[in-house]
Amino acid sequence: MTRGEAIRQFLVKSILPVASTLPLVCIFKSACTKNGTLDYVWLWILCGLPFGLHRMCLWIIPGDRSFGGGIAVAAFGFIVGGVIGGFVLVWHLLVAAWYVPLTAYRLIVA
């Protein structure tokens with residue numbers, strides 16, 4: 001592996017996920033703060049929405065329900081997508097943390 005490939009993988013696997021997570025946390029942090037305390041569960045769900053909404057394979061389509069029931073089912077779908085995305089986001093951040101020493105090793109060896 002060349003130095004260029006190692007640096008490119010470091011940028012894609014480590015810098016890009018962290019750089020995409022920081023603006024999401026900054027945006028949603030004020031929305032999840034109530035009475036001076038931060039609700040980490042809702043922050044996790046809201047930050048996970050961009051990572052998990054397209055990974056959801058199950059969309060619950062309301063059938064013979066009222067308009068309110070359809071909105072409730074759609075909100076449930078977004079919450080499930082946020083939870084899935086939260087796990088994906090945590091995985092991306094763990095991979096990013098792993099690539100820091102791995103890239104240092106690759107640059108020393110190469």
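Contact here means heavy atoms within 4.5 Å. In this predicted model, S14 touches Q9, A96, Y99 and V100 by that criterion, not counting residues up to four places away in sequence. The chain is built from three helices and two strands, which follow one another in the order α-β-β-α-α. The radius of gyration is 19 Å, well over the 13 Å that the globule rule gives for 110 residues, so the chain is more spread out than a compact globule.

**Overall form and surface**

- Taken along the principal axes, the box filled by the C-alpha atoms of the chain is roughly 65 × 35 × 15 Å.
- Buried residues make up 24% of the 110 residues of the chain.
- The accessible surface of the chain amounts to about 7,600 Å², and carbon and sulfur atoms account for 74% of that surface.
- Of the contacts between residues at least 6 apart in sequence, 74% join residues at least 24 apart.

**Helix α1: S14**

- S14 is placed in helix α1, which covers residues 3-29.
- The relative accessible area of S14 is 5%, and the residue is therefore buried, the limit for that class being under 20%.
- A polar atom of the S14 side chain lies 3.1 Å from the backbone oxygen of A96, and A96 is also one of the residues that S14 touches.

**Helix α1: T21**

- T21 is a further residue of helix α1, and its relative accessibility of 8% places it in the buried class.
- The side chain of T21 reaches the backbone oxygen of P17 at a distance of 2.7 Å.
- Neighbours within four places in sequence aside, T21 is in contact with F51, L89 and L93.

**Helix α1: R3**

- R3 also belongs to helix α1, but with a relative accessible area of 45% R3 is partly exposed.
- The contacts of R3, leaving aside neighbours within four places in sequence, are with L107 and A110.
- R3 and D39 are 36 residues apart along the chain, and their C-alpha atoms are separated by 42 Å.

**The loop between the strands: N35**

- N35 is found in the loop that runs between β1 (33-34) and β2 (37-38).
- The phi angle of N35 is positive, at about 55°, although N35 is not a glycine.
- N35 is exposed, with a relative accessibility of 83%.

**Aromatic pairing**

- One aromatic pair is found in a search of the whole structure.
- The pair consists of W44 and F87, whose ring centres are 5.1 Å apart; the ring planes stand at 90°, so the arrangement is edge-to-face.
- W44 is partly exposed at 27% relative accessibility, whereas F87 is exposed, with a relative accessible area of 55%.

**Cysteines**

- The structure holds zero disulfides, a disulfide being a pair of cysteine sulfur atoms within 2.5 Å.
- For C26, the closest cysteine sulfur is that of C47, and because it is 9.2 Å away it is too far for a bond.
- For C32, the closest cysteine sulfur is likewise in C47, at 7.2 Å, which is again too far for a bond.
- C26 is exposed at 61% relative accessibility, while C32 is buried, with a relative accessible area of 3%.

Conventions
Residues numbered from 1 in each chain as written. Predicted model: local features only at pLDDT ≥ 70, side-chain atom pairs only at ≥ 80, totals over all residues. Heavy atoms only, no water. Phe/Tyr/Trp six-rings, centres within 6.5 Å; stacked < 30°, edge-to-face > 60°. Buried < 20%, exposed > 50% of the residue type's maximum accessible area, 1.4 Å probe, protein only. Helix = DSSP H or I, 4+ residues; strand = E, 2+ residues; numbered from the N terminus. Polar contact = N/O pair within 3.5 Å; in protein donor to acceptor, adjacent residues only side chain to side chain. Rg over C-alpha atoms; globule rule 2.2 N^0.38 Å. Areas by Shrake-Rupley, 256 points an atom, 1.4 Å probe, with all protein chains shown as cover.
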